[in-house]
Amino acid sequence: MTENKKFHIVVIGAGPGGTLLARECARRGIRVTLYEKGRYEKLGHDWSDAVERSAIAAAGFQIPERKDGRWYGKYVKENSGKGLYEPHAVDKLTVYSPDYSSAKLITFKMITLDRQNFAQLLADQAAEAGAEIKYGFSGTTLLYRETGAKSLDGVEVYGVKIKNETTGEESEVTADLVVESSGFSSILRTSLPLYTGIADPFKPDDFALVHREVRKLDKNLTETDIYPDHYRYGFFTGYQWTHVHSDGSIDVGAGVQNKESNPDPEDLIKECISRHPSILKEKIRGGRSLCIVGLPLKSFVTNGFIILGDAAATSVPTTGCGAGSAMFAALWSIPAIEASVKTGKAGIADLWKLNKAFYLDNPRGSNIAALSALRVILQTLTHEELNFLFKKDLMDEKSLESAINGVYVKPSLSQIIKTLIRGITRPTTLAKLSRATSEGNRMFAHYKNFPPEYNAIKFADWKNKADKIFHEAYEN
């Protein structure tokens, strides 16, 4: 292993992207310091999330074997063990219309992962690899120089201000590269000048409000009280779900568009639980938070700076699942960082490799962008319209499976013809669906033309066109 201790990386935030990047850099002998605002014991969300198996495997964790509806193998939790994976396996997921009148069965490419245990394990691995982790410290603002260019590369980040959460004292830490993995608050990138194009704060429309509770189950009633693992799709512009964790517990949650006109997702959960006597009053864990579902940043880098995870809005917009994208982005950052280490400077030309990997070399970026455009239009559909689309199979297994698993699929000619025939009695609904598909197609195609190398003029032109497509989806 080559030691590169002269090159110093500072990571802010122990999210899955930040800790994975710190682990991988430390394993390559690169000096890494990770600052985390909270305590080790409080790392991660207080619940288990559906996370893409492909991302977990790419991060180096064994995916267990599935048999008779259960997972078996390394890292699988026993009834109350400190493993990573919940024992209950979901292969086929039931997706309901808002009124439960129609259902589709889709392949589910995720696994339920204990986010607290996973966060702590990643932090342990990063520390074991040689990363220095300092708990109780947060990043407050970037240290940068302006080059005079009013463009993305118009700044050179050289460090970050660090706050001691116990004493309130601040200090300046210099670094060759700063990585923000601090969540959707995006404190660091929003401290940059607006002309960079990556400093705008997220808008309220970019979020969903999510509430979830893990409850005890009465095993004596589970045979007669049916509560399948399911998504209730499009429910109040979001979704509701139930997901069994083990034989004795179940996760019940809901997410709605972050608008005052929508109900509180906690009330939706209470209504769901009231219909199932097997779900008991005893709450094991859970919580509520905003969930970023907006369009990702057009660039995750500038000179001396990388943005990962929720700070860059890389969640799948149709489900809010963000851990997978954060981990992939962290892994795709490594070639860019290694190139920077060789030159001794983390310039935008080398760091651009992350953008290219996310948006051009892999379909993830194009998928998320297209699904973002699709989302803003589908959120205008009423429950009645969504029930109609389910019933007429205009929202079919294929389209729902791809969207929930984070993949945008352009409709085939036969699907378009089917839609026209079956939707002829609802021209207004059909028009909305057609426009959603059109905007999704435009966005997907545009992102496939992402600039492979950084050029200020070419990137600005590409970015302006991307913004125009997305704004037209909102405005029309």
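Among the elements covering the buried residues of α4 are β14 (207–217), β15 (230–235), β16 (238–246), β17 (249–257) and β18 (279–292). Keep in mind that you're looking at a predicted model. That helix is one piece of a protein chain with 12 helices and 20 strands.

**Helix α4 up close**

- Helix α4 runs over residues 265–274, and its buried residues are Pro 265, Leu 268, Ile 269, Cys 272 and Ile 273.
- Look down the axis of α4 and those buried residues fall within an arc of 135°, so they line one face of the helix.

**Overall size and packing**

- For a chain of 476 residues, a compact globule would come out with a radius of gyration near 23 Å, and the protein chain agrees because its own value is 23 Å.
- Taken along the principal axes, the box filled by the C-alpha atoms is roughly 65 × 50 × 40 Å.
- Out of the 476 residues in the protein chain, 58% count as buried.
- Take the contacts between residues at least 6 apart in sequence: 71% of them join residues at least 24 apart.

**Surface and charge**

- The protein chain has an accessible surface of about 19900 Å², and carbon and sulfur atoms account for 51% of that.
- On the charge side, you'll find 61 positive and 58 negative side chains in the protein chain.
- The centres of those positive and negative sets lie 3 Å apart.

Methods
Residues are numbered from 1 along each chain as its sequence is written. This is a predicted model: local features need pLDDT of at least 70, side-chain atom pairs count only at pLDDT 80 or more; totals for chains, interfaces and linings use all residues. Side-chain values use heavy atoms; hydrogens and water are left out. Helices (H or I, at least four residues) and strands (E, at least two) are DSSP runs, numbered from the N terminus. The radius of gyration is taken over C-alpha atoms; the globule rule is 2.2 Å times the number of residues to the power 0.38. Buried means under 20% relative accessible area, exposed over 50%, partly exposed in between (1.4 Å probe, protein chains only). Contact means heavy atoms within 4.5 Å. Accessible areas come from the Shrake-Rupley method with a 1.4 Å probe; for residues, only the protein chains shown count as cover. Lys and Arg count as positive and Asp and Glu as negative; His and the chain ends are not counted. The place of a charge is taken as NZ of Lys, CZ of Arg, CG of Asp or CD of Glu. The arc is that of the directions from the helix axis to the C-beta atoms.
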